[in-house]
Amino acid sequence: GGVCGPHRAGNFGGPRRGPDSKGDPMSKKTALKEGMNRTALYNEIASLARRTMVRQVDIGDRDSVTGLARFVRDEFGAVGAWVNNAGADILTGEGDGLSTIDKLDLLMRVDLRGTMLASWEAAEILRSRPDGGTIINMSWDHVAIGMAGTNPQLFAAVKGGVLAFSK
């Protein structure tokens with residue numbers, strides 16, 4: 001699903017053909033353009049002639065993720081792909097003002113814990129398909145090579161965990 005609020009993503013690049021899209025603000029299965037709200041996300045996905053729903057979910061909260069999975073299962077049945085693109089914003093807005101430890105805690109909760117919780121729920125949904133399905137987890141292109149600075153260290157540690165979990 002797309003993201004709004006402090007967990008913002010890049011441009012929506014959904015398919016013009018294929019399965020319906022499920023926009024969920026905190027799990028980022030589709031992405032919001034900068035400044036786009038949930039209504040705009042809904043309208044953009046709907047313009048692709050896809051059945052569209054947008055829900056806000058706290059991706060770091062197990063009950064919220066379980067509820068999302070139940071909702072997706074009930075509304076869409078057996079889906080064939082699930083993309084986890086969750087990422088806490090520690091560079092702008094409120095996130096920029098957090099202490100280093102608070103930034104780490106937020107990244108661990110949203111990026112790593114959220115990806116793991118959503119992946120486990122998605123796996124249960126995908127198992128209902130005879131041919132299974134695909135889970136795509138987003139990491140960070142500098143995980144293996146690093147980058148100077150405290151924030152990149154935090155991203156590398158957490159997104160490195162996502163990469164290791166996804167193997």
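Me: Why are H4 and H5 called roughly parallel to each other?
Reply: In this predicted model, the axes of H4 and helix H5 (residues 150-166) cross at roughly 15°. Angles under 35 degrees count as roughly parallel, and H4 and H5 are therefore described in that way. Their axes come within 10 Å, and the crossing is right-handed.

Me: Which residues make the contact between H4 and H5?
Reply: Among them are Leu 104, Leu 107 and Trp 120 of H4, and Leu 154, Phe 155 and Phe 165 of H5. By class, this contact has 11 nonpolar, 6 polar and 3 charged residues.

Me: What makes H2 and H4 roughly parallel to each other?
Reply: The axes of H2 and H4 cross at roughly 30°. The limit is again under 35 degrees, and therefore H2 and H4 count as roughly parallel. H2 passes H4 in a right-handed crossing. The contact includes Val 65, Ala 69 and Arg 73 of H2, with Arg 113, Leu 117 and Glu 121 of H4. This contact of H2 with H4 has 6 nonpolar, 1 polar and 5 charged residues.

Me: How do you know that the reach of H2 is close to the expected one?
Reply: Helix H2 (residues 62-76) has 15 residues. From its first C-alpha to its last, H2 reaches 21 Å, and 21 Å is expected at 1.5 Å a residue.

Me: What do the buried residues of H2 pack against?
Reply: They pack against strand E1 (81-84) and helix H4 (100-126). Val 65, Leu 68 and Phe 76 are among the buried residues of H2, a term for those under 20% relative accessible area.

Definitions and conventions. Residues are numbered from 1 along each chain as its sequence is written. This is a predicted model: local features need pLDDT of at least 70, side-chain atom pairs count only at pLDDT 80 or more; totals for chains, interfaces and linings use all residues. Side-chain values use heavy atoms; hydrogens and water are left out. Helices (H or I, at least four residues) and strands (E, at least two) are DSSP runs, numbered from the N terminus. The expected span of a helix is 1.5 Å times one less than its number of residues. Buried means under 20% relative accessible area, exposed over 50%, partly exposed in between (1.4 Å probe, protein chains only). Contact means heavy atoms within 4.5 Å. Axes are lines fitted to C-alpha atoms, for helices over the stretch in contact, and angles run from 0 to 180 degrees between N-to-C directions. Angles under 35 degrees count as roughly parallel, over 145 as roughly antiparallel, 65 to 115 as roughly perpendicular and the rest as oblique. A crossing is left-handed if the near helix is turned anticlockwise from the far one by less than a right angle, and right-handed if clockwise. Ala, Val, Leu, Ile, Met, Phe, Trp, Tyr, Cys and Pro count as nonpolar, Asp, Glu, Lys and Arg as charged, and the others, Gly among them, as polar.
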